[in-house]
Amino acid sequence: MRRVALLGMPNTGKSTLFNRLTGANARVGNWPGITVDLLSARALFSDQPAEVVDLPGTYNLHGFSDDERVVRHFLENNAVDLLVVVLNATQLDRQLGLALQLEALDLPYLLVVNMHDEARARGIVIDAERLERSLGVPVVLASAKFGPGMDEARRLIARELRRSQPRRAAAATLAQDDRLESRLDELFAQTVQRPVVLGEDPTSRLDRWLLHPWLGLPLFLACMFVVFQLVYSLGTPLQDGLAWTLEQIRTAGIEPALAGRLPEWLTSFLLDGVYNGVGTVFSFLPIIVLFFVGIGLVENSGYLSRAAFLMDAFMGRLGLDGRSFVMQLMGFGCNVPALMGTRVMRSRGLRLLTMLVIPFSLCSARLQVFVFLTTAVFSPRWAPFVLFTLYLASFATAFLTAWLYRGRLRSDEPLLLELPPYRLPTLTQVVQHAWGEVKHFVRSASGFIVAGVVVVWLLTHLPASAPVAGAETLAGRLAAMLAPVFDPLGIDQLSSITLLFGFVAKEVVIGAMAVIYGAGDSALQGVLSSRMDPVQAYSFMLFVLIYTPCLSTVAVLKQESKSWRFTAIAVLWPLVVAWLASFAFYQTARALGL
Amino acid sequence: MLQLDELPDGVPARVVRLDAVDGLAARMRALGLRPGRELAVVRRSRLGGPLQIRVGTTDFIIRPHDARLVAVEPVDEPDRTGPR
């Protein structure tokens, strides 16, 4: 099959063009010569089927940064019939340089000058015919976001595909920039006219407030707060609805169908183990989808790089940048979309460091546990204060981790981030983005999640003669073995079994306690307050806050890092921190006579 | 001649020289930051944070210690903000 690859600098609307050309059936795949996944999809160009590959945004083809290397290696290892180079029409003064580099590499390409609507609105006039003549390749003026020019682009791709031969880039070095640059200036002067003085555009006006020295940060936090409010006011009812539906299917559909046909242990395995466990994880899907929408909005609107501007003075010292902070905040909703959102960070070191930090964010599932426990054990006057200190601990562990690992996971990319004009993404863009991400998550994480759920079920249900999650089960024996580890934290054996459940998903911790203590949710608060004093409860909560968030998070850590070693560190390090924090707190509190 | 991080906000200046190498230099050039081009510092964030630079129609942020590697010369045309 013919192969078409999309190439362009960041912020050119390349992904939007990709979606326009291919529809929404993209898949993630591996390619020879490179270690990151690329999106690809099949599309028809006047009856010619072709595979369209979306290459990462790249500023040039030198191969200095991770992304540039990916693009270079892809082009050297995979034959391509046609490169579609996407340029931002308002920034041809520098973006035409990419086309000139391709010319130097002798690869077949055509130019899509995208965002032509924006350029026109700013009074920029582009002489496409002259550009075509000078470069000797087809040029289309288009707006992938709104549609104009797309038919022409498809027609030209089809025409070029009919003529071109698959070619691989030679592993040659590029000529000196200077020569390309003088050609670039000449080309730009001949083909583009723009007004001498650009008036103050809406973006500059907005930036005067949003990047204000004093108001910028409060406005940023307010924006994040609004995003959270929106996600929860829409997501919580959806989540409850999905959980209720799953429960109904179980009681009305599956249980009667299985009754008497299967041995009791198998029914329990299928329903209490697999169905409930997977159901719990998946009832989080609505929240995950909505957070993807939120992240997509922040990212596509151009606000994400503004956050970098506002937060960099602080985050830079931790080896992170402002975008890491946004993802860390998103992690307070749910770690999974926040981890996947780190893909905007193109340097691997920076990205891994951010991914190491995000799981410390006190997500909504952990919040459920803390709200339940603090109301059970602490007086109403103290409970909010206790909760607040847990948020502080969340930030403290995250920043400490970043600070400790900043030398090892170093960003090899300079922080030179474009501030694109503010843009309102279309509904299609946002929905397509969120849908693609969730599909990817479900496909790659579900096997891992089912396996984890099964292991925890086996540990808490075997041998079959013992009461569920009791001291006689494998989990109980494991807890007894680990007693010397958890005793110094003030966490008793029964509670340490619930930590095992918490590995699947934090919101099952309370349910697990109800099972283990043999009390319903309403009676459980009374049982807990008699079994745990405030110091023990706080030590337990610290541990729950810091250790491995949930199976989904582990699955995504693996999916995104593609490294078992990194995943192991991202699971073990928080365990160590959790133990140390709980130990320090519990022993200090006891030593003070609390 | 000044280093870019010393250039006062809103003063148009011309790039004289890049002292950056390899990856940093390539990224600067790709964003339009190269000898001969005009630029201005739009604003800078507090506490030693990044500077917002405008070159042509491109706005980007740069950390002060990277900006130090760009030598600029203020241009005496106070009523023009864009290059050429």
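These legends accompany close-up views of a predicted model with chains A and B. Local features need pLDDT of at least 70 and side-chain atom pairs count only at pLDDT 80 or more, whereas totals for chains, interfaces and linings use all residues. Residues are numbered from 1 along each chain as its sequence is written, and chains are lettered from A and ligands numbered from 1 in the order in which they are written.

**View 1. Helices α24 and α26 of chain A pack against each other.** Helix α24(A) covers residues 534-546, and α26(A) covers residues 564-591. Helices here are DSSP runs of H or I with at least four residues, strands are runs of E with at least two, and both are numbered from the N terminus. The two axes lie 8 Å apart, at an angle of about 165°. Axes are lines fitted to C-alpha atoms, for helices over the stretch in contact, and angles run from 0 to 180 degrees between N-to-C directions. The crossing of α24(A) and α26(A) is right-handed; that is, the near helix is turned clockwise from the far one by less than a right angle. On the α24(A) side, the contact is made by V535(A), Y538(A), S539(A), L542(A), F543(A) and I546(A). Facing them in α26(A) are P574(A), V577(A), A578(A), A581(A), S582(A), F585(A), Y586(A), A589(A) and R590(A). Two residues are in contact if their C-beta atoms, placed from the backbone, lie within 7 Å. By class, this contact has 12 nonpolar, two polar and one charged residues. Ala, Val, Leu, Ile, Met, Phe, Trp, Tyr, Cys and Pro count as nonpolar, Asp, Glu, Lys and Arg as charged, and the others, Gly among them, as polar.

**View 2. Helix α25 of chain A also meets α26(A).** Helix α25(A) spans residues 551-561. Its axis comes within 8 Å of that of α26(A), and the two cross at roughly 145°. The crossing of α25(A) and α26(A) is right-handed. V554(A), L557(A), K558(A) and S561(A) of α25(A) touch the other helix. The α26(A) side consists of W564(A), F566(A), T567(A), A570(A) and V571(A). Six residues of the contact are nonpolar, two polar and one charged.

**View 3. The largest nonpolar core has 195 residues.** Such a core is a set of buried Ala, Val, Leu, Ile, Met, Phe, Trp, Tyr and Cys residues joined through C-beta atoms within 7 Å. A residue is buried if 20 or more other C-beta atoms lie within 10 Å of its own, exposed if 12 or fewer, and partly exposed in between. The residues with the most contacts inside the core are L6(A), L83(A), V84(A), V85(A), V112(A), V113(A) and F543(A). Helix α11 (residues 285-300) of chain A gives the most to this core, with 10 residues. L6(A) touches K14(A), L17(A), F18(A), V52(A), V53(A), D54(A), L55(A), V84(A) and V86(A), leaving out residues up to four places away in sequence.

**View 4. Helix α1 of chain A is mostly covered.** The helix runs over residues 14-22, and nine of its nine residues are buried. Among them are K14(A), T16(A), N19(A) and R20(A). G23(A) follows α1(A), with a positive phi near 75°.

**View 5. S46(A) and M115(A) have positive phi without being glycines.** S46(A) has phi near 40°. This residue sits in the loop between β3 and β4 (48-54) of chain A. S46(A) is exposed, because 11 C-beta neighbours lie inside 10 Å. For M115(A), phi is about 60°. M115(A) lies in the loop between β6 (109-114) and α4 (116-121) of chain A. M115(A) is buried, because 27 other C-beta atoms lie within 10 Å.

**View 6. R42(A) lies in strand β3 of chain A.** The strand covers residues 38-45. R42(A) is partly exposed, because 14 C-beta neighbours lie inside 10 Å. Beyond neighbours within four places in sequence, R42(A) contacts P49(A) and E51(A).

**View 7. Chains A and B meet.** Here 30 residues of chain B contact 29 residues of chain A. On the chain B side, α1 (22-30) and β5 (58-62) are the elements giving two or more residues. Helix α1(B) gives the largest share, eight residues. That side of chain B divides into 10 nonpolar, 11 polar and nine charged residues.
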